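User: Please take a close look at a single part of this model. Walk me through its setting and its contacts.

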Amino acid sequence: METLIRADACARFGGGHVARCIALAEAINASGGRSLFATRQDARIGQHMLKSAGIPFVLLPPSDNWQDDAEATQPYASGKDWVVMDHYGLDARWQKTVSQEGAEILVIDDLANRPHDCAILADPGRSVTQLEDYSSYVPAKCTVLMGPRFLMLRSGFRVARAARPERARTNLLVFFGSADGQNLTARSLEAIENINFQENLSVHVLLTLANPNARAIRNLSGIVVHENVDDMASLIADMDIALGAGGVSMWERCRLGVPSLTIGLNENQMPGLLLAEASSSSPVPASEAAPKF
């Protein structure tokens, strides 16, 4: 199976889109297929992630116009069996244009706010009870996959975490996404300092090249800074507790069994956050069938 994946990771969109698409690419490649990413030239976070994962990619010219993006993507869609689109800035118009090359379209979404023209839509962060959220946005024959059983997690996050060692201080991870536009990292560190928790905590901060406050945070005392980490799973697995955002990173912490205080950074993270909270006390049955409109 030949698959083209269209996704970006940058300060504007964060790293979650590319993270979950890397997980999908790993599964495709492991089953004998081949996957290729198409990502924008200026989406540097995504390029770093793809290089670290060893996933091949091609660069598209920067454009916020769906038609220009579709036309730049079309040549790479030729001969592919599937095109996967995980992008807030693209919709049914892009999908119709790219599908002219003959590929089926799989959309990964969590906004439920625009029309799609696809064979499959996946939203792992939304409960099947919210199926109607997409009813007016997808074709009647579209298969809609909803709920945590369809989560796409990179291979490192699918390995069971080793037992936590005894330690004098609790490892706390602070990570509010690739860009952290609300500067919640610095605000959290200030709160920890004000309540004098540092004697009990070893505070670890994860920074990426997209964080505009990285320099100021890096110069703070009493914290361990991790920058542009290639093996996120190993770092998170070594933590005892975390402060972080919703979205893909929340599900990664859940999979590794790291208790978290999680903040929804925007409205589209809230359905997944509430679903994770509910699932922690009432797990989603594995036998839940994939719904279809």
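Analyst: Asp-240 sits in the loop that runs between α7 (232-237) and β11 (241-245). Helices (H or I, at least four residues) and strands (E, at least two) are DSSP runs, numbered from the N terminus. This is a predicted model: local features need pLDDT of at least 70, side-chain atom pairs count only at pLDDT 80 or more, and totals for chains, interfaces and linings use all residues. Residues are numbered from 1 along each chain as its sequence is written, and side-chain values use heavy atoms, with hydrogens and water left out.

Asp-240 counts as buried because its relative accessibility is 14%. Buried means under 20% relative accessible area, exposed over 50%, partly exposed in between (1.4 Å probe, protein chains only).

Setting aside residues up to four places away in sequence, Asp-240 touches Arg-164, Arg-167, Arg-169, Thr-170, Asn-171, Val-258 and Pro-259. Contact here means heavy atoms within 4.5 Å. With Arg-167, the side chains form a polar contact of 2.9 Å. Such a contact is a pair of N or O atoms within 3.5 Å; within protein, one must be able to donate a hydrogen and the other to accept it, and residues adjacent in sequence count only if both atoms are side-chain atoms. A polar atom of the Asp-240 side chain also lies 2.7 Å from the backbone nitrogen of Asn-171.

Asn-171 leads on to His-204. Beyond its neighbours within four places in sequence, His-204 contacts Asn-171, Leu-172, Leu-173, Val-174, Val-224, His-226 and Met-239. His-204 belongs to strand β9 (residues 201-207). Its relative accessibility is 10%, so His-204 counts as buried. Its side chain makes a polar contact of 3.2 Å with that of Ser-202.
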